[in-house]
Amino acid sequence: MTEVGAVGGTAGREGLLRRTARLEIPFRSAVGPGVGKAGLHTLRWLRDFGLLTGEAAFEEYDALRLERAMARFHPRAAEEDLMLATDVNSWFSVFDDRFDGPLGRRPRDVTRLVDRLVRVMDGREPPAGAPAGPLVESFRDLWHRINEGMPPVWRDRFRRHWHGYLLAHHREALNRSGDRLPTVEEFPAARRHTIGIQPCLDLAERFGRYTLPSALHGGHPLKEMRRITDEVAIFVNDIVSLDKELAVGDVNNTVVLLRHGTGRPLPDCLREIRAAANGRVARFRELAAGLPALLGPRACPGRRGRTWRTTSTACAT
């Protein structure tokens, strides 16, 4: 494997398949029904809100088949919920792509965009003289559809996680345009917001038609399991997207930051981040194996009304 030179260089890279083959994520995957219908629905939704323009853009998006990812993430979701899930994921994709261009290096413009989206979350009007635009109007549609019928405890948690996701994009814009890069230790604190996993974990409850209490989310082991999920997603994403970040000089990548901070060869940094991902997965499986025994005495309700034990007020849905 040839060493890559300065950030953005293209001297040679370890193949993507070789990188990901060494990841140890041994979870079985199921695919929910209605994938094709959800994909067609989201293409219409994107067109109706003007989030994509031109046939080439639609063909490129359709080729990604992101609805399959949602059908795997929510394998038991009802048809209408899977459609909403694919709409949300498409918005994530369009929103995230905006930061690959000049916007991603303009912190003030990022702040203005984030403010408009936060106003939607708070039910406030947009700033005077500032047109909402497709990104904001489509977000308004999603926000109402997602929150409809959900209990306050869930809506508060979801809003908090969405707020963190949006605000962290300002931090990443500063990273791209600033003189000082964060260390690998500092980086995940902000990146675990922009990776968007916490809102997605909340949506697992929304599309599964259940709500877990705040006490369960904030305690052991679920709090640690949610953090691990963040970190594994960050590490795997950075391994997969390394070529893109090197090509455009984007520093928001743990492999790039590890090399910048240590001066070590890129292959060594890849191996360390890969080992970190595998170690987190092993810890997650250890925690998951102990969940039934831990939750049983608390009588927390399971999916679709099943309970670990028969009576409780501590874990009401």
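Analyst: Helices α4 (66–73), α5 and α10 each supply at least two residues of the lining of the largest cavity. This is a predicted model: local features need pLDDT of at least 70, side-chain atom pairs count only at pLDDT 80 or more, and totals for chains, interfaces and linings use all residues. Residues are numbered from 1 along each chain as its sequence is written, and side-chain values use heavy atoms, with hydrogens and water left out.

User: What makes a space a cavity?

Analyst: On a 1 Å grid over the protein atoms alone, a cavity is a set of points where a 1.4 Å probe fits but cannot get out. A search of the whole structure finds two of 30 Å³ or more. The largest cavity holds about 70 Å³ of space.

User: Which residues line the largest cavity?

Analyst: A lining residue has an atom within 4 Å of a point. In the largest cavity, these are M70, F73, H74, A85, V88, N89, F92, C200, L203 and F207. Helix α5 gives the most, with four residues.

User: Why is T42 called buried?

Analyst: Buried means under 20% relative accessible area, exposed over 50%, partly exposed in between (1.4 Å probe, protein chains only). T42 has 1%, so T42 is buried. T42 sits in helix α2 (residues 35–48). Beyond its neighbours within four places in sequence, T42 is in contact (heavy atoms within 4.5 Å) with Y61, M83, T86, D87 and S90.

User: Which other residues of α2 are buried, and what do they pack against?

Analyst: Besides T42, V35, A38, G39, H41, L43, W45 and L46 are buried. The buried residues of α2 pack against α3 (55–64), α4, α5 and α7 (133–147).

User: How do you know that the span of α2 agrees with a helix?

Analyst: The expected span is 1.5 Å times one less than the number of residues. For the 14 residues of α2 that gives 20 Å, and the end C-alpha atoms are 20 Å apart, so the two agree. G50 follows α2 and has a positive phi, near 70°.

User: What makes D81 and R209 a salt bridge?

Analyst: A salt bridge is a side-chain nitrogen of Lys or Arg within 4 Å of a carboxyl oxygen of Asp or Glu. The D81 and R209 side chains meet at 2.7 Å, N to O. D81 lies in α5 (79–98) and R209 in the loop between α10 (197–208) and α11 (214–218), so the pair ties together parts 128 residues apart in sequence. D81 is buried at 2%. R209 is exposed at 53%.

User: Where do R119 and D115 lie?

Analyst: Both lie in helix α6 (residues 107–122), four residues apart, about one turn of the helix. An α-helix has 3.6 residues a turn, so residues three or four places apart point the same way. The R119 and D115 side chains meet in a salt bridge at 3.1 Å, N to O.

User: How many salt bridges does the structure hold?

Analyst: It holds 24. Some link up: E224, R227, E231, R280, R283 and E286 are joined in a network.

How values were computed:
1 Å grid on protein atoms, 1.4 Å probe; cavity = no way out; pocket = protein on both sides within 12 Å on 5 of 7 lines; lining within 4 Å. Points joined across faces, edges and corners; volume = space filled by probe spheres on them.
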